[in-house]
Amino acid sequence: MSAEELAGFLGVPLNTVYVWNHRQQGPRAHKVGRYLRYRGPEVEAWLEARAVDRAT
């Protein structure tokens, strides 16, 4: 998916996606030409790694 699609999927501003990529904090990005692309399973794994455990 594109950076724009990722931002829409996560409900964050597009600039946030670019900042995450620059700081190596967000889902792993792949450069295709001059564009960033994200793989669905990698995005899902990134989200799962940040899940909040509410079982207390």
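**Confidence.** I started with the confidence of this predicted model. Strand β2 (residues 35-37) has the lowest confidence, with a mean of 95, and helix α1 (residues 3-10) has the highest, at 97. I then took the figure for the protein, which is an average pLDDT of 94. I also noted that 98% of the residues score at least 70.

**Helix α1.** I looked up which residues of α1 are buried and found Ala3, Leu6 and Ala7. They lie on the same side of α1, because the arc they cover around the axis is only 100°. I recalled the general rule: an α-helix has 3.6 residues a turn, so residues three or four places apart point the same way. Next I asked what covers these buried residues of α1. The cover includes α2 (14-23), β2 and α3 (40-49). After α1 comes Gly11, and I read its phi as positive, near 70°.

**Surface patch.** I searched the surface for nonpolar patches and wrote down one of about 240 Å², made by Met1, Phe9 and Leu47. I placed Met1 in the segment before α1. Met1 counts as partly exposed, because its relative accessibility is 30%.

**Gln24.** I went through the backbone angles and stopped at Gln24, where phi is near 55°, a positive value in a residue other than glycine. I noted it since most residues other than glycine have a negative phi. Gln24 sits in the loop between α2 and β1 (30-32).

**Salt bridges.** How many salt bridges does a search of the whole structure find? I got two. In one of them Arg28 pairs with Glu42, and the closest N and O atoms are 4.0 Å apart. This pair links distant parts of the chain, as Arg28 is in the loop between α2 and β1 and Glu42 is in helix α3, 14 residues apart. I also have a salt bridge between Arg39 and Glu42, where the closest N and O atoms are 3.9 Å apart. I recorded Arg28, Arg39 and Glu42 as linked in a network of salt bridges.

**Accessibility of the Arg28 and Glu42 pair.** I checked both partners. Arg28 counts as exposed, because its relative accessibility is 55%. Glu42, at 22% relative accessibility, therefore counts as partly exposed; the cut-off for buried is under 20%.

Methods: Residues are numbered from 1 along each chain as its sequence is written. This is a predicted model: local features need pLDDT of at least 70, side-chain atom pairs count only at pLDDT 80 or more; totals for chains, interfaces and linings use all residues. Side-chain values use heavy atoms; hydrogens and water are left out. pLDDT is the predictor's confidence in each residue, from 0 to 100. Helices (H or I, at least four residues) and strands (E, at least two) are DSSP runs, numbered from the N terminus. Buried means under 20% relative accessible area, exposed over 50%, partly exposed in between (1.4 Å probe, protein chains only). The arc is that of the directions from the helix axis to the C-beta atoms. Contact means heavy atoms within 4.5 Å. Patches are made of residues with over 30% relative accessible area and no salt bridge: like charges are joined within 9 Å, nonpolar side chains (Val, Leu, Ile, Met, Phe, Trp, Tyr) within 5 Å. Accessible areas come from the Shrake-Rupley method with a 1.4 Å probe; for residues, only the protein chains shown count as cover. A salt bridge is a side-chain nitrogen of Lys or Arg within 4 Å of a carboxyl oxygen of Asp or Glu.
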